[in-house]
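Take a look at the fold shown here.

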Amino acid sequence: MNPAGKVAIVTGGGGGIGGALAARLAEAGARVVVADLDAAAAGTAAAHIEADHPGAVLAVGADVADRGAMAGLIDTATTVFGPVDMYFANAGVTGGVGLDAGEDAWDRALDVNLRAHVRAAQLLVPGWVERGSGYFVSTASAAGLLTQIGSATYSVSKHAAVGFAEWLSVTYGDKGIRVSCLCPMGVDTPLLREGFAAGDPVGEAATTAVTAAGRVLAPDDVAQCVLAAIDAEQFLILPHPEVLEMYRHKGADYDRWLRGMRRYQATLLGDSDAQGPVA
């Protein structure tokens with residue numbers, strides 16, 4: 001799909017990957033709604049885009065965990081720019097660490113990292129089917145293909161996001177609906193820098209597992225990968241190509257991979273008897 005002339009919504013658009021995506025989409029000729037829980041951040045991101053692309057961007061403060069807010073976001077985009085053609089489910093949270101993560105942490109991770117994608121699809125896909133076209137881009141994570149050391153909430157919710165994107169593609173791919181799933185490793189965003197739990201050894205290990213696994217990319221590098229994948233209508237978007245090889249190793253010998261990950265986790269937590277990860 002060529003973004004030129006299309007109407008796109010980007011959640012989590014106040015910065016990071018979402019902000020870079022919004023800017024790249026506007027540069028490609030799309031009219032973009034920048035949505036973020038932090039309305040001020042959405043406004044700042046939109047103002048930067050507006051300076052170069054007047055009339056091509058709108059900022060909206062919205063909580064993707066709220067179905068009413070999601071419906072209002074889509075209605076606003078439709079009223080101002082016209083029917084939504086592309087939806088970037090990019091907003092995300094880390095959640096908690098370990099089995100100590102409480103119900104609130106689980107609810108928030110599942111609401112933002114998964115259910116927000118489901119809600120958006122429920123609101124948009126029927127209309128896309130009628131029109132015969134639409135594009136849904138899910139920001140998951142390499143954690144959704146592999147795992148996230150330390151954080152069950154993040155790993156499980158991101159696995160679920162990948163699963164939902166797969167299901168959307170299988171179910172609606174022959175009805176004009178295109179789906180892509182973004183699965184990066186480390187990206188230089190506030191979410192990465194804040195870590196999973198400041199001062200918590202397990203939370204710090206979770207962050208180190210991401211930053212040590214490969215190069216930490218700039219958000220704009222990721223945004224460029226996403227637009228290239230949309231042009232090719234490619235499902236799996238891997239800004240870190242090495243993730244595919246890791247995924248292949250996992251599938252080739254699951255038990256060996258699990259043993260290697262346990263050893264790697266022990267290394268991150270300072271177990272002197274631990275060995276490195278198995279390739």
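This is a predicted model: local features need pLDDT of at least 70, side-chain atom pairs count only at pLDDT 80 or more; totals for chains, interfaces and linings use all residues.

Residues are numbered from 1 along each chain as its sequence is written, and side-chain values use heavy atoms, with hydrogens and water left out.

Start with the sheet. It is open, has seven strands and runs in the order β3-β2-β1-β4-β5-β6-β7, with parallel pairing. Helices (H or I, at least four residues) and strands (E, at least two) are DSSP runs, numbered from the N terminus. Two strands pair if DSSP finds at least two bridges between them. The edges are β3 and β7 (236–237), each of which pairs on one side only. Strands of a sheet pair through backbone hydrogen bonds, either parallel or antiparallel.

Strand β2 (residues 31–36) and strand β3 (residues 57–61) run parallel and are joined by five bridges. V33 stands opposite L58 in β3. D36 has G61 in β3 as its bridge partner. Helix α2 (residues 39–52) belongs with these two strands: β2, α2 and β3 make a right-handed β-α-β unit. A crossover is right-handed if, with the strands pointing away from the viewer, the path from the first strand over the helix to the second runs clockwise.

Helix α4 lies across β4 (86–89), β5 (134–139) and β6 (177–182), and runs at about 165° to β5. Helix α5 packs on the sheet too, touching β5 and β6, and its direction makes about 160° with that of β6. Axes are lines fitted to C-alpha atoms, for helices over the stretch in contact, and angles run from 0 to 180 degrees between N-to-C directions. Contact means heavy atoms within 4.5 Å.

How do α4 and α5 sit against each other? The axes of α4 (residues 103–131) and α5 (residues 152–172) come within 8 Å and cross at roughly 15°. That makes α4 roughly parallel to α5, a term for angles under 35 degrees; over 145 counts as roughly antiparallel, 65 to 115 as roughly perpendicular and the rest as oblique. Residues in the contact include W106, L110 and L114 of α4, and Y154, F164 and L168 of α5. The contact residues divide into 17 nonpolar, four polar and one charged. Ala, Val, Leu, Ile, Met, Phe, Trp, Tyr, Cys and Pro count as nonpolar, Asp, Glu, Lys and Arg as charged, and the others, Gly among them, as polar.

Helix α3 (residues 67–81) meets α4 as well. Their axes come within 10 Å and cross at roughly 45°. That makes α3 oblique to α4. R67, M70, A71 and I74 in α3 meet α4 residues, among them R119 and L123.

Finally, G16 is found in helix α1 (residues 16–27). G16 touches T189 and P219, not counting residues up to four places away in sequence.
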